[in-house]
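Please find below a short note for a colleague who is meeting this protein for the first time. The structure should be kept in view while reading.

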Amino acid sequence: MQAADLAIRRTHNKRNELEAYVYTARAKVEDEWKPFLTAEAREQFSSDLTETEDWVCYGDGYYAEYEELDGRLKRLRAEGDRAASRKWEMEHRDEAVKELLGAVERYKEIARSADERYDHL
């Protein structure tokens with residue numbers, strides 16, 4: 001009995017997680033992720049989100065098993081994560097370049113150094 005209740009709760013929670021992701025991702029697709037998705041990818045992802053919302057809220061998804069809900073969520077997240085990763089990379093690129101250039105300058109100074117420790121360079 002407890003196992004059945006646990007399975008029902010897990011499935012219910014996964015359904016809610018999927019539905020919440022659909023709403024969150026839809027807002028981000030047209031806002032913060034927009035520059036990081038091609039028009040075609042954005043259109044396809046939006047279509048996938050709408051199809052998933054219709055399926056989970058109004059169709060057979062309401063009665064789906066945990067594994068199917070989890071699979072759909074993972075597929076949607078894979079696309080959303082790519083856009084989020086591109087956004088994060090762009091936001092942190094300037095700092096990374098600055099750090100890299102600083103490291104290059106430090107190594108140049110070491111290579112030009114007259115210190116005996118660096119004669120092998």
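The points below go from the overall fold to a single residue.

1. Fold. The model is a predicted one. The protein contains three helices and zero strands, and from the N terminus on its elements follow the order α-α-α. The radius of gyration is 24 Å, well over the 14 Å that the globule rule gives for 121 residues, so the protein is more spread out than a compact globule.

2. Dimensions. Taken along the principal axes, the box filled by the C-alpha atoms is roughly 75 × 40 × 15 Å.

3. Burial and surface. Of the 121 residues in the protein, 26% are buried. The accessible surface amounts to about 9,000 Å², and carbon and sulfur atoms account for 52% of that area.

4. Contacts along the sequence. When contacts between residues at least 6 apart in sequence are considered, 67% of them join residues at least 24 apart.

5. Charges. The protein carries 21 positive and 29 negative charges.

6. Glu79. This residue belongs to helix H3, which spans residues 66-112. Is Glu79 buried or exposed? Its relative accessible area is 18%, and the cut-off for burial is under 20%, so Glu79 counts as buried.

7. Surroundings of Glu79. The side chains of Glu79 and Arg82 are joined by a polar contact of 2.4 Å. Leaving aside residues up to four places away in sequence, Glu79 touches Leu37, Ala41 and Phe45.

Definitions and conventions: Residues numbered from 1 in each chain as written. Predicted model: local features only at pLDDT ≥ 70, side-chain atom pairs only at ≥ 80, totals over all residues. Heavy atoms only, no water. Helix = DSSP H or I, 4+ residues; strand = E, 2+ residues; numbered from the N terminus. Rg over C-alpha atoms; globule rule 2.2 N^0.38 Å. Buried < 20%, exposed > 50% of the residue type's maximum accessible area, 1.4 Å probe, protein only. Contact = heavy atoms within 4.5 Å. Areas by Shrake-Rupley, 256 points an atom, 1.4 Å probe, with all protein chains shown as cover. Lys, Arg positive; Asp, Glu negative; His and termini not counted. Charge placed at Lys NZ, Arg CZ, Asp CG, Glu CD. Polar contact = N/O pair within 3.5 Å; in protein donor to acceptor, adjacent residues only side chain to side chain.
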